[in-house]
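Please read it alongside the coordinates.

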Amino acid sequence: MQAAIRFLTAAALMAAAAASPIVHAHGDVTPQAVDVSTLKPLGDQKHDENPYRGDKEAIRIGSSAYNQNCARCHGLEAISGGIAPDLRKLPIDKETDIYFRDSVLRGKVRNGAVYMPPFEGMLSQEAIWALRSYLDTRAEVEAPGPVSAMTALAKKSNCLSCHAVDARGVGPAYREVAKKYANDKKAEAKLLAKVKKGGSGTWGKVPMPPMDAVPEDDLKALIKWIMAGAN
Ligand code: HEC
Ligand code: HEC
């Protein structure tokens, strides 16, 4: 069991690394410059707390900077498609301000795999705090309601580290899968076998690892859920 989990993690990491070109295909890879000339300049010293919190102009600039630099992974208007964390869930406090600033500056790189590129040297401090000011306005307002039991099961079974409902991640979007097999009466049985054994070739070259560590009843329920539109 332990070994299976370790294998899955390694496979997910490799697959995620292999998939980064897919993520990039969603939009412009080049970070977009952000015009911050209408904001109070912050100088060279790093701030630990968002100096623009609640500032209308910062929110406006942050919104456009977000759409150009972050939305392709974190979702339009910060509504996460499931590939990258939902930034609406970040608490609004000083500790998280520091965490936010450093996440954006350094990116997220683990074991050589770039999950998120570093923005150091590309986004000014003003732009980073404008982004944070914008994301503050997205917090809670549209926080997702309680997740459905099936979404929770998919998450617990590790499916959502590679799949999202509507967006392509490492694997196909669940709605695409449902569409592809809508007229295939044997689809549920075929998909169960495929998910248990893993494999590639239907959606691309990246393989799905065997998911046989997940109890069969859970896999059956997950596939029924996917075929019904993953709501
Ligand atoms: C290429 C995709 C990609 C882009 C572009 C991107 N991110 Fe990320 N981001 C990720 C992923 C994936 C993670 C989670 C990394 C991990 O597993 O540690 C992440 C994590 C974060 C975190 C930490 C969230 C948490 O809950 O721990 C913050 C904050 C963040 N991103 C902000 C941003 C901002 C702001 C931008 C735009 C300037 C941005 N990201 C652009 C993919 C991306
Ligand atoms: C490490 C990444 C990863 C994980 C974890 C993962 N998948 Fe996949 N999945 C993929 C990839 C990649 C494909 C595309 C395979 C192909 O092209 O044949 C895929 C394909 C699928 C398909 C379509 C198969 C087909 O032949 O059309 C279904 C259904 C599916 N996954 C369900 C699941 C379920 C349910 C889970 C959780 C129990 C899960 N996946 C976990 C990566 C993953």
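In this predicted model, helix α2 (residues 56–69) and helix α5 (residues 125–138) have axes that come within 7 Å and cross at roughly 95 degrees. That angle makes α2 roughly perpendicular to α5. On the α2 side, the contact uses A58, I59, I61, G62, S63, A65 and Y66. On the α5 side, A127, W129, A130, L131, S133, Y134 and T137 take part. By class, the contact of α2 with α5 has 10 nonpolar, 4 polar and no charged residues.

The axes of α8 and α9 come within 10 Å and cross at roughly 125 degrees. The two helices α8 and α9 are therefore oblique to each other. Their crossing is right-handed. From α8, the residues A187, E188, L191, L192, V195 and K196 meet L219, K220, I223, K224 and M227 of α9. This contact of α8 with α9 divides into 7 nonpolar, no polar and 4 charged residues.

The other partner is helix α6 (residues 149–156). It packs on α9 at an angle of about 125 degrees, with the axes 10 Å apart. Helices α6 and α9 are therefore oblique to each other. The crossing of α6 and α9 is left-handed. M150, L153 and A154 in α6 meet D218, A221, L222 and W225 in α9. The classes in the contact of α6 with α9 are 6 nonpolar, no polar and 1 charged.

The table sets out the angles and axis distances.

| Helix pair | Angle between axes | Axis distance |
|---|---|---|
| α2 and α5 | roughly 95 degrees | within 7 Å |
| α8 and α9 | roughly 125 degrees | within 10 Å |
| α6 and α9 | about 125 degrees | 10 Å |

Next, the strands. Strand β1 (residues 108–110) pairs with β2 in the antiparallel sense, over 3 bridges. R110 stands opposite A113 in β2. The hairpin of β1 and β2 has 2 residues between the strands. There, N111 takes a positive phi near 50 degrees.

Now the ligands. Which residues come nearest to ligand 1? They are C70, C73, A84, K108 and M116, out of 18 residues around ligand 1. Three elements, α3 (71–74), α4 (94–106) and β2 (113–116), each supply at least two residues of this shell. The shell around ligand 1 holds 13 nonpolar, 3 polar and 2 charged residues.

Ligand 2 is surrounded by 32 residues. The closest to ligand 2 are C159, C162, G171, W203 and M208. By class, the shell around ligand 2 has 21 nonpolar, 10 polar and 1 charged residues.

Notes
Residues numbered from 1 in each chain as written. Chains lettered and ligands numbered in written order. Predicted model: local features only at pLDDT ≥ 70, side-chain atom pairs only at ≥ 80, totals over all residues. Near = placed C-beta within 6 Å. Nonpolar A, V, L, I, M, F, W, Y, C, P; charged D, E, K, R; others polar. Helix = DSSP H or I, 4+ residues; strand = E, 2+ residues; numbered from the N terminus. Axes fitted to C-alpha atoms, helices over the stretch in contact; angles between N-to-C directions. Parallel < 35°, antiparallel > 145°, perpendicular 65-115°, else oblique. Left-handed = near helix turned anticlockwise from the far one by under 90°. Contact = placed C-beta atoms within 7 Å. Pairing = 2+ DSSP bridges.
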